[in-house]
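I opened my notebook to get to know a new structure. Here is what I looked up, one stop at a time.

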Amino acid sequence: MKHDKIYYWGGIIALTMRVEKINNICNLGTGTMGFGITLVFAIAGYEVRMFGRSDASIKRGFSNIKIALDTYQKNGLIQKVDVPQILGRVKGVTTLEEAAEGADFVIESVAEELAVKKEVFAKIEKLCSPDTIFATNTSGLSPTAIANVLEHKERFIVAHFWNPPHLLPLVEVVPGKSTSQQVVEITKKLMVKIGKKPVILNREALGFIGNRMQLALLREALYIVESGIATKEAVDAAVKYSLGRRLSTTGPLESADLGGLDIFYNISAYLLKDLSNSTDVSPILKEAVEKGNLGSKTGAGLYEWTPETLKNIKVSRENNLIEWLRKDKTI
């Protein structure tokens, strides 16, 4: 990416940048988020260098990309003739030097650990051009804390894709304390160009929007089970067949307006006192983790998971999300 002019004040470099000048993407990570983000950019026509720590990780990344492309093709989201071109835009690399070459926009999806992310960005900033934008896909860590190791903190931002990133449209764009407004706007425009639905936070907050809402719902769901109000199956069914369907069209604040704020005011007056306001981890969650029951990846969590039940629910979720992708394209 080239800049038209460079201005200096207070030791900060401000660049006249445009989203149209972004051509090359550096994607750090080949896991669940990494391969999906790589795919989204490649489908949108960008050249992507996908960094993995080993040839094996690169191979896994490409394997998952091909599986996702096959799913897209079977559902009419892309044509068979597009597949070779999309794959041709992705280059797997195992060194940061290769990953940074020509990068206009860097997006990171490495381990969700502050120290790891800081180490990666401290290294790659030294390898990139003065106008490269750096983004992290963290699901809730502070962008200000991560950017602390950078010389040019104004070029750092959160672009939090939701999992699975190639099927869900939301990207939370979160500035740190030093992030320039210019970088916020360019990142937002870039997300729109790749077909995403970006939302910009006014300021950083742990968990951003999505995970704050998700954890609030999970806390109450676990509390209902702990209190003996209902079974876990009843809780999940209640959400899937009511809130889950309605919230896909109207968010919580729109739903409140449609339902009548007087109604929600009256409900709040008596119900909020009875909801969980615990700041401790749920005993159910704590016990499961201590026993090593971490969910589908260990075969048991809040539910028991067999290969068959896991496959069925993943297929069901994927089909539902693809149907929404189709609807998004017609809106």
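**Entry 1: a loop residue**

I began with Thr279, which sits in the loop between helix 11 and helix 12 (283-290). Helices and strands here are DSSP runs (H or I, at least four residues, for a helix; E, at least two, for a strand), numbered from the N terminus. Before going on, I noted that this is a predicted model, where local features need pLDDT of at least 70 and side-chain atom pairs count only at pLDDT 80 or more, while totals for chains, interfaces and linings use all residues. Residues are numbered from 1 along each chain as its sequence is written, and side-chain values use heavy atoms, with hydrogens and water left out.

Is Thr279 buried or exposed? I found a relative accessible area of 78%, so Thr279 is exposed. The cut-offs are under 20% relative accessible area for buried, over 50% for exposed and partly exposed in between (1.4 Å probe, protein chains only). I also looked up Glu151, 128 residues from Thr279 along the chain; the two C-alpha atoms are separated by 36 Å.

**Entry 2: a nonpolar patch**

Next I went to Phe264, in helix 11 (residues 261-271). Phe264 counts as partly exposed because its relative accessibility is 35%. Phe264 is also one of the residues in a nonpolar surface patch of about 620 Å², together with Ile263, Ile267, Tyr270, Leu271, Leu272 and Leu275. Patches are made of residues with over 30% relative accessible area and no salt bridge; like charges are joined within 9 Å, and nonpolar side chains (Val, Leu, Ile, Met, Phe, Trp, Tyr) within 5 Å. The areas come from the Shrake-Rupley method with a 1.4 Å probe, and for residues only the protein chains shown count as cover.

Strand 7 pairs with strand 6 (residues 105-108) in the parallel sense over 4 bridges, and Phe105 stands opposite Ile133. For strands to pair, DSSP must find at least two bridges between them. Strand 6, helix 5 (residues 114-125) and strand 7 make a right-handed β-α-β unit. Right-handed is judged with the strands pointing away from the viewer: the path from the first strand over the helix to the second runs clockwise.

Strand 7 also runs parallel to strand 8 (residues 156-161), joined by 3 bridges. Here I saw Ala135 opposite Ile157 and Phe134 opposite Phe156.

**Entry 3: strand 8**

How many residues of strand 8 are buried? The count is 6 of its 6. Phe156, Val158 and His160 point one way, and Ile157, Ala159 and Phe161 the other way. Strand 8 pairs with strand 9 (residues 170-175) in the antiparallel sense over 5 bridges, with His160 opposite Glu172.

**Entry 4: salt bridges**

How many salt bridges are in the whole structure? A search finds 9. The rule is a side-chain nitrogen of Lys or Arg within 4 Å of a carboxyl oxygen of Asp or Glu.

I looked at Lys117 and found its side chain in a salt bridge with Glu108 (2.3 Å, N to O) and in another with Glu112 (3.4 Å, N to O). Lys117 is buried, at 1% relative accessibility, and Glu108 is buried too, at 0%. Glu112 is partly exposed, with a relative accessible area of 40%.

Arg326 forms a salt bridge with Glu323, the closest N and O atoms being 3.0 Å apart. Both lie in helix 13 (residues 307-330), 3 residues apart, about one turn of the helix.

**Entry 5: the record**

Last, I checked UniProt, where an unreviewed entry places the feature "domain: 3-hydroxyacyl-CoA dehydrogenase NAD binding" at residues 26-202. Its annotations may be inferred rather than shown by experiment; feature names are shortened and positions follow the numbering used here. In the model, the span is 41% helix and 20% strand, and its end C-alpha atoms lie 26 Å apart.
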